[in-house]
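I opened this notebook to record what I looked up in the structure below. The entries follow the order in which I consulted them.

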Amino acid sequence: MVTCTGCALLCDDIEAIVENNRIKETRNACRRGAARMKGCVNRLVPSIDQQPTDIESSIRKTVDIIKNARSIMLFGWNNSTCEAQAKGIRLAKKLNAVIDDTSSFCQGLLIERILQKKLRTCSLDDIRNKADVLVYWGSDAQDSQPRHLSRFSYFPRGESRQRGYEEDRKAIAIDVRESNTAKICKGHFYRIPLKGDREFILALIEALSGKVPVYDTKKMLELAGILKKAEFGAIFVGIGLTYSIKEDFDILIALAEKLPNFNIMPMVGHYNMRGFNEALFKETGFVNRVKFEKEAIHDDKYSIMESLIEKNIDAIMIVGSDPLASLPRPILKDLASIPVVCIDPCISMTSKIATVTIPCAVTGVESGGTAIRMDGKLIRLSKIITSGYMPDEEIMDRLLEAIS
Amino acid sequence: MVTVMELYQLLPRTNCKKCGESTCMAFAVALLGRKKNVAACTPLLEVNFKPQKEKLESLLLPSAGAEETGLIVHPELCTGCGNCVVACPVDVANDPHGAGMGCAPTNDKVIFKVVDGKVIASNIKECRRFGKSRVLCYACIDPCPTGAIEFV
Amino acid sequence: MSMDIGKFLKSPEYEIKITTYRDIFQAEAMERDRFGEEYKMFSAAISISKIDMQKMGLKTKDRVRISNSHGSIIVEAKEAKKDEPGGLAFMVNSPWSNSLVSGDTQGKGIPEFKNINAKISLSKEEITTLETLIDTFTRKSITV
């Protein structure tokens with residue numbers, strides 16, 4: 001059995017059939033996981049100024065860039081092992097660098113509050129064994145974490161949920177569109193307007209407090225009724241909800257207080273986003289957006305977005321992430337105007353504009369290590385085939401060595 | 001999924017019995033159950049029934065790849081989420097500590113398995129829609145988010 | 001010589017609100033090849049409710065230009081499969097949708113990825129490629 005790194009469910013019940021040092025077939029992995037394990041068609045090659053070179057030269061050039069930068073950002077980290085992340089944080093400390101990860105414009109707000117214990121949470125195994133009411137909120141797990149419903153939440157028989165999903169569990173979807181997950185939650189789909197989550201939460205809090213909510217009163221009272229009856233509930237908070245209430249995120253805490261039988265689960269996409277957030281939190285008390293000086297300083301201006309807008313970084317090293325693909329177009333010119341080091345297994349948009357590229361191994365396929373599942377459980381990653389590519393952990397070792 | 005009525009409405013509806021069934025409705029049922037071929041209805045072979053005949057054949061086409069129970073998986077629609085693997089009552093009964101708990105199947109007695117990110121069906125004789133005491137079970141269809149499984 | 005009048009008539013422009021979502025088929029295509037045709041097909045597309053398609057006189061497979069002050073792209077329109085009430089169109093999150101997202105985060109660092117206002121009109125131009133999206137930012141174009 002091996003582990004899939006297709007998403008933060010880190011399914012560790014995968015069979016990989018290897019032939020001639022290639023994964024020929026996968027079993028139990030979903031469509032996305034299978035594609036990830038079989039690998040991309042365009043592997044990255046080492047390059048400097050978009051000219052192919054050898055990996056040693058690429059690493060040397062990277063050392064030049066990180067040493068000479070006045071204020072460098074180390075960014076990415078969500079597709080790296082915990083081991084590589086720890087070394088990346090060490091590197092940031094030594095360089096007095098700014099460090100940020102994709103959670104900065106993803107689920108960071110949520111994971112931060114979970115690690116601060118401001119929101120009650122539980123394990124996915126608890127959900128499988130006990131949960132009777134499941135709320136997918138701004139989360140289309142069927143497309144983003146495809147085995148979430150089958151492995152843990154709705155369909156499996158668990159210790160106190162032995163009779164099957166039709167009798168034992170209720171799945172609810174709250175979303176702006178009828179997603180594939182909403183389709184599964186037949187009869188319990190609450191469609192809300194774009195950016196309407198805050199108002200929905202306020203009305204739900206009213207309904208849970210025994211008041212008559214102004215919002216779609218009938219549906220709201222019905223939903224409050226289901227939630228109140230829950231023995232063990234879970235709210236799966238997707239990026240849809242996080243983005244929608246980002247200006248007033250603590251409203252989610254207010255809702256959670258009204259639902260003592262519920263736990264909050266962050267629906268994380270990248271396989272080891274939580275790993276990075278936990279590591280940096282342990283080190284500094286913050287999950288992202290940190291600048292190391294004498295001590296760790298946390299500020300929104302150290303987010304990748306604001307750092308680029310305010311032009312307060314003069315170089316960036318990107319590990320296992322493609323910000324050129326995932327950030328808004330207006331700031332891409334700012335990203336492309338500073339030296340960029342791109343460490344990735346595959347050619348990406350970012351690698352196409354990078355000053356230096358360093359190819360690395362595909363974690364979970366060509367190199368092992370550990371990662372943290374969306375619920376905080378540590379999962380071992382497997383090395384399934386051997387390749388000549390350096391794991392990103394080893395690249396971090398090389399950089400640490402070179403600067404000390 | 002095509003219904004008996006849809007098939008019936010494309011037939012001559014003369015109850016001529018040339019196909020060996022007593023009524024056109026009975027023939028439609030036989031078509032749906034794969035017990036008779038469209039060609040058994042000789043009036044349909046006449047020129048003025050050509051569009052109806054073609055429509056009938058296209059409606060019944062997916063069955064070419066169907067299992068004996070009429071089960072078809074459309075691999076191009078399947079996301080490999082495994083909802084059917086876990087929800088199938090046969091899989092739960094035959095592998096309670098594997099598939100039944102949401103984990104990878106631990107034996108070969110299950111009907112559904114995900115291979116290369118898409119579900120495949122085997123052990124089809126175990127399906128509740130098969131055999132003498134068959135029931136019209138929808139346990140694998142209902143949990144499918146993309147309509148990748150159907151019975152014809 | 002007959003004049004192609006259509007060439008000089010600007011297609012009507014409509015205001016459109018877009019939100020983004022994730023799609024497993026697009027994610028699969030990305031894992032295989034970020035620069036492949038499949039990834040482009042799933043990403044450079046907008047799905048619009050039947051009601052809105054009719055209102056704007058669009059049909060599935062029409063190419064449309066979507067633009068706002070942040071960027072402009074050509075993508076394929078398709079009618080939403082599910083019964084959508086209208087007023088909101090959908091794109092799978094990708095570099096194409098991100099071309100329309102504001103860089104202003106009010107200092108908070110989180111862009112409005114899922115809340116896009118733009119104008120849409122029928123277009124005869126080719127679908128925007130990923131290469132074109134990158135070209136805008138290559139060092140060459142910046143140093144020029």
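**Chain B: contacts and fold**

I began with contacts in chain B between residues at least 6 apart in sequence, and 51% of these join residues at least 24 apart. Two residues are in contact if their C-beta atoms, placed from the backbone, lie within 7 Å. I note that the model is predicted, that local features need pLDDT of at least 70 and side-chain atom pairs pLDDT 80 or more, and that totals for chains, interfaces and linings use all residues. Residues are numbered from 1 along each chain as its sequence is written, and chains are lettered from A and ligands numbered from 1 in the order in which they are written.

I next looked up the secondary structure of chain B and found five helices and four strands, in the order α-α-α-β-α-α-β-β-β from the N terminus. Helices (H or I, at least four residues) and strands (E, at least two) are DSSP runs, numbered from the N terminus.

I then noted the division of chain B into domain 1 (4-64) and domain 2 (71-151), with bounds from an automatic or database domain assignment. The C-alpha centres of these two domains of chain B lie 31 Å apart. The C-alpha trace of chain B spans about 55 × 30 × 20 Å along its principal axes.

**Chain C against chain A**

I recorded that 40 residues of chain C are in contact with 44 residues of chain A. On the side of chain C that touches chain A, α1(C) gives the most, with five residues.
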